[in-house]
Structures are given as structure tokens and as C-alpha cells.
Amino acid sequence: MANFKTHVGWGVIIGVSMVVVASVYSLISGWTPLTLIFVAILIGSLLPDMDLDEGVPFQILFGFLGVASAGYVFYDLYGGGQRDVLILALTAGATFIGVRFVIGEIFMRFTDHRGIWHSVPAVAFVGLATVRMMQYCDPQGDGIMHMYSSIALSIGYLGHLVLDEVYASVNLAGHSLLPKRSLGSALKFYSRSKVATFLVYSGIIYLLLFV
């Protein structure tokens, strides 16, 4: 399995490559959309390791989700006319704690490293969930950019899984050229947990009804 720095470097390479392709073929124009695509790919390249309890990707991504959720709740309440600073601060703080620690703890308890989170259906689930989340948070936004962002995140996610398989195929970290026992544990279509597999596939079907 590649380490955190390797995955970040690989994500940057994929992100730059996709931005160049999008620019050359005029798929996307403007620095803001191109930057969004690059960031989406980079985030996607880290997402599979969220199931590594208390790992760096878990800390970064759930911390980011906590801050983003707190900011969204704050501005939603403020835009709705709430001006009580104490209520705004407490609500935003409670949202951050709920996402970062409560949901984060639930996620840790119900995921195993190299489980369903490291799989091909997880790529589809995360991509569809991204589109749905962007539709919900920005209903008047550009649907094409929602789709491109989702695809970019999925590309980064799939790139992570491919890199894990490459490192498992040839033990670059050691002296042996024999495949590691983890070979095949990333690019799979199900996990040992039937419940987790069922939930992910059910989530894909459910999201397809909305996206």
C-alpha cells in the first residue's frame, strides 16, 4: 500500500494532467472551475484512506467536513434572518462537533481498512453522493460543473485504488518482487461484510433516483 505522501503526489499528478487535458480540449475554461477540478481530484485521491482510523486523511477530511458543515449552517441561519451571535456560534460549534467527532466516530466503528471503502462500487457511490450534495447545497448552480466535479472526485478516488494495487503487485518498499497479500483488496466489487456491501449498492441505487 502506498503511503500518504505518495498518494498526495499521485493525486497532484492526476489533477494536473486532467486540468491540462480539460484546457487543451476546451472542456472547461476559467481558473476557478479548473482549480475546483484539481482540488476535487486531490480530495478524491485521499478519500479511500478515510477508513484508516485516526490516519492523516481521516483527520484532514473529517476536519474539513466539520468546518464546511459548520460554515454552511452558520450562513444558512444568518441568511434566514438569525442575528443572535450566541445562537449562531453555538449552532455552528455543535455542527462541527457532531460531524467531526460523532459522525467521525460512527464512521470509524463501521468501517475496516481495505473494506468496502476500498472498492469499485465505493467510487460510484462517492461520485453520485458528490453530485447529490452539490445539487442540495447549490440548487441554482451549474449542473455541468456539478457533474465535472463528481467525475473529478471519482477519478482521484479510482487513482488511489489503482496505485494501491500497483504497490501490492510489486513490493517496491522491500527487497521482494513477489506480490503482497493485499493484492486485489483495492479494486474489488464487494467486501467481507455483506452488510457494508449491501448498504453501498443500495446507496448507489437510491442516489441514481435523484442524480
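Which residues in α5 meet which residues in α7? In this predicted model, the α5 side of the contact consists of Pro121, Ala122, Ala124, Phe125, Leu128, Ala129 and Arg132. The α7 side consists of Val200, Tyr201, Gly203, Ile204, Leu207 and Leu208. The two helices pack at an angle of about 35°. Their axes lie 9 Å apart. The crossing of α5 and α7 is left-handed.

The overall fold is helical. The protein chain contains 7 helices and 0 strands. Along the sequence, the pattern reads α-α-α-α-α-α-α. Of the 211 residues in the protein chain, 37% are buried. The chain exposes about 12,300 Å², and carbon and sulfur atoms supply 72% of that area. Contacts between residues at least 6 apart in sequence were also examined. Of these, 72% join residues at least 24 apart.

In soluble globular proteins, nonpolar side chains tend to be buried together. Here the largest nonpolar core has 26 residues. Those with the most contacts inside this core are Ile37, Leu47, Met50, Phe107, Trp117, Val126 and Tyr157. Six helices each supply at least two residues of the core: α1 (4-24), α2 (31-44), α3 (56-79), α4 (85-109), α5 (120-137) and α6 (143-169). The largest share, 5 residues, comes from α6.

Leu47 illustrates the contacts made by a residue of the 26-residue core. Beyond residues up to four places away in sequence, Leu47 touches Leu61, Trp117, Val126, Leu153 and Tyr157. Of these partners, Trp117, Val126 and Tyr157 are themselves listed with the most contacts inside the core.

The crossing is right-handed. From α2, the residues involved are Pro33, Leu36, Ile37, Ala40, Ile41, Ile43 and Gly44. From α6, they are Met145, Tyr148, Ser149, Ala152, Leu153, Gly156 and Tyr157.

The loop between α1 and α2 holds both Ser26 and Ile28. Ser26 counts as exposed, because its relative accessibility is 62%. Most residues other than glycine have a negative phi. Ser26 is not a glycine, yet has a positive phi of about 55°. Ile28 is buried, because its relative accessible area is 10%, under the 20% limit. Setting aside residues up to four places away in sequence, Ile28 touches Ala22, Ser23, Pro33, Leu34, Ile37 and Tyr148. Ile28 and Met145 are 117 residues apart in sequence, with their C-alpha atoms 8.8 Å apart in space.

Polar side chains are also found in buried positions. Asp164 sits in helix α6. With a relative accessible area of 0%, Asp164 is buried. The side chain of Asp164 makes a polar contact of 3.0 Å with the side chain of His7. A polar contact of 3.2 Å joins the side chain of Asp164 to that of His118.

Ser119 lies in the loop between α4 and α5. Ser119 is likewise buried, with a relative accessible area of 0%. Leaving aside neighbours within four places in sequence, Ser119 is in contact with Tyr157, Leu161, Ala186 and Lys188. Ser119 and Thr197 are 78 residues apart along the chain, and their C-alpha atoms are separated by 9.7 Å.

Thr197 is found in helix α7 (residues 194-208). Thr197 counts as buried, because its relative accessibility is 12%, under the 20% limit. The side chain of Thr197 reaches the backbone oxygen of Ser193 at 2.9 Å. Not counting residues up to four places away in sequence, Thr197 touches Ile116, Phe189, Tyr190 and Ser191.

Methods. Residues are numbered from 1 along each chain as its sequence is written. This is a predicted model: local features need pLDDT of at least 70, side-chain atom pairs count only at pLDDT 80 or more; totals for chains, interfaces and linings use all residues. Side-chain values use heavy atoms; hydrogens and water are left out. A nonpolar core is a set of buried Ala, Val, Leu, Ile, Met, Phe, Trp, Tyr and Cys residues joined through side-chain atoms within 4.5 Å. Buried means under 20% relative accessible area, exposed over 50%, partly exposed in between (1.4 Å probe, protein chains only). Helices (H or I, at least four residues) and strands (E, at least two) are DSSP runs, numbered from the N terminus. Contact means heavy atoms within 4.5 Å. Accessible areas come from the Shrake-Rupley method with a 1.4 Å probe; for residues, only the protein chains shown count as cover. A polar contact is a pair of N or O atoms within 3.5 Å; within protein, one must be able to donate a hydrogen and the other to accept it, and residues adjacent in sequence count only if both atoms are side-chain atoms. Axes are lines fitted to C-alpha atoms, for helices over the stretch in contact, and angles run from 0 to 180 degrees between N-to-C directions. A crossing is left-handed if the near helix is turned anticlockwise from the far one by less than a right angle, and right-handed if clockwise.
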